[in-house]
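Below is a short briefing on one protein chain.

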Amino acid sequence: MLELAILGFLAEEPLHGYQLRHHIAQLSGHARPVSDGSLYPAINRLVNAGLLARQTEPGASAARRHTLSLTDAGRCELLRRLRDADGLDITDSTRYFTVLAFLSHLPDTADQHAVLRRRLEFLEQPASFFRDGDRPLGADNTDDPYRRGMLTIARATSRAERSWLREVLA
């Protein structure tokens, strides 16, 4: 998802590494902080793959700054990753929100809707954090107030998202 976020933000405008890290941190919040030790190797992989271009320019002090921009191949890769989002990109909320953040870059509404339909299909499957054998447990099936809280919040979030998805797909 880090690479998708890099491609997505650079599709909007060229950025310096620091700016890019700041944008990614805002997107992922405190749940998954981005360190330089993961960001810069990911940038280097994308540069080496020809998906990003790096231009060096003078910095405010003696240090030179690198501006990153998306290449045509990078734009194609971004669109492919968005169009083909499936599996964990759909079922893991943090990963899905990264896809959703850049989904408007897909020019074809049918492709956008295909991704949203995959998410809706996932959300319509019975699920729970807790199970009794093969049966998912709901908030009214547990005496533990904290588990009941988890399940109540998850149910409300899922309902709101399903409602939004149906509205967009209508």
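**Surface and overall form**

About 10200 Å² of the protein chain is accessible surface, and carbon and sulfur atoms hold 52% of that (Shrake-Rupley method, 1.4 Å probe). The model is predicted, so local features need pLDDT of at least 70 and side-chain atom pairs count only at pLDDT 80 or more, while totals for chains, interfaces and linings use all residues. Residues are numbered from 1 along each chain as its sequence is written, and side-chain values use heavy atoms, leaving out hydrogens and water.

Dimensions and burial

- The radius of gyration of the protein chain is 20 Å, whereas a compact globule of 170 residues would be near 15 Å (taken over C-alpha atoms; the rule is 2.2 Å times the number of residues to the power 0.38).
- Along the principal axes, the C-alpha atoms fill a box of roughly 65 × 35 × 25 Å.
- Of the 170 residues, 34% count as buried (under 20% relative accessible area, 1.4 Å probe, protein chains only).

Elements

- The protein chain has 8 helices and 5 strands (DSSP runs: H or I of at least four residues, E of at least two).
- Their order from the N terminus is α-β-α-α-β-β-α-α-α-α-β-β-α.

Helix α8

- Helix α8 covers residues 145-169 and spans 36 Å from first C-alpha to last, close to the 36 Å expected at 1.5 Å a residue (1.5 Å times one less than the number of residues).
- Its buried residues are Leu151, Ser158, Glu161, Arg162 and Leu165.
- The buried residues of α8 pack against α6 (93-102) and α7 (109-123) (contact: heavy atoms within 4.5 Å).

How values were computed: Buried < 20%, exposed > 50% of the residue type's maximum accessible area, 1.4 Å probe, protein only.
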